[in-house]
Every structure is written in C-alpha cells, then in structure tokens.
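Subject: Structure handover

Hi,

Here is the structure I promised to pass on. Have a look at it first, and then read my notes below.

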Amino acid sequence: MTTEAVRFAANVLPIIREAQKAGASTLRQIADALNARGIPTARGGRWYAQSIANILERA
C-alpha cells in the first residue's frame, strides 16, 4: 500500500461518511453517491462497490 493510496483514502473517507449519513447503506449506494457528485477515483475513473470496499479497508 503506497503513501499516496493512504492519503487518497484519508481524503475521500469524509465524503463516504457523509454519503452514509445521507442514507447510503450499501457499497453500491456509496459508489453511486460519489459518482453523482462527480468525485473521481484516484485514477480519475468511476466508483464501484469494490473501490469503496478498498477505501474502507484502508481507513
């Protein structure tokens, strides 16, 4: 796990927590919420359930 990945996870985690507070309860719903907000992944792509799971593992 790179320092960059940890830093990215730390930056996106508050947004994930916001989505959860707003009612997103599944990884898919959280991914949809980030995509709807236009928040890119570390590589500039779309969010998927597995990408959210990966971020939460690093948290």
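Why are α1 and α2 described as they are, relative to each other? They are roughly perpendicular to each other, a label used for angles of 65 to 115 degrees, because under 35 counts as roughly parallel, over 145 as roughly antiparallel and the rest as oblique.

Before the details, a word on the source: this is a predicted model, in which local features need pLDDT of at least 70, side-chain atom pairs count only at pLDDT 80 or more, and totals for chains, interfaces and linings use all residues. Residues are numbered from 1 along each chain as its sequence is written, and side-chain values use heavy atoms, with hydrogens and water left out.

**α1 and α2**
These helices (DSSP runs of H or I, at least four residues, numbered from the N terminus) pack at an angle of about 115°, and their axes are 10 Å apart. Axes are lines fitted to C-alpha atoms over the stretch in contact, and angles run from 0 to 180 degrees between N-to-C directions. From α1 come Val12, Ile15, Ile16, Ala19 and Gln20, and from α2 come Ile30, Ala33 and Leu34; contact means heavy atoms within 4.5 Å. By class, that is 7 nonpolar, 1 polar and no charged residues. Here Ala, Val, Leu, Ile, Met, Phe, Trp, Tyr, Cys and Pro count as nonpolar, Asp, Glu, Lys and Arg as charged, and the others, Gly among them, as polar.

**α2 and α3**
Helix α2 covers residues 27-36 and helix α3 residues 49-58; they pack at about 95° with axes 8 Å apart. That makes α2 roughly perpendicular to α3. Leu27, Arg28, Ile30, Ala31 and Leu34 in α2 touch Ala49, Ile52, Ala53 and Leu56 in α3. This contact has 8 nonpolar residues, no polar ones and 1 charged.

**α1 and α3**
The axes of α1 and α3 come within 9 Å and cross at roughly 110°, which means α1 is roughly perpendicular to α3. On the α1 side are Ala5, Phe8, Ala9, Val12, Leu13, Ile16 and Arg17, and they meet Ile52, Ile55, Leu56 and Arg58 in α3. The classes here are 9 nonpolar, no polar and 2 charged.

Cheers

Notes: Helix = DSSP H or I, 4+ residues; strand = E, 2+ residues; numbered from the N terminus.
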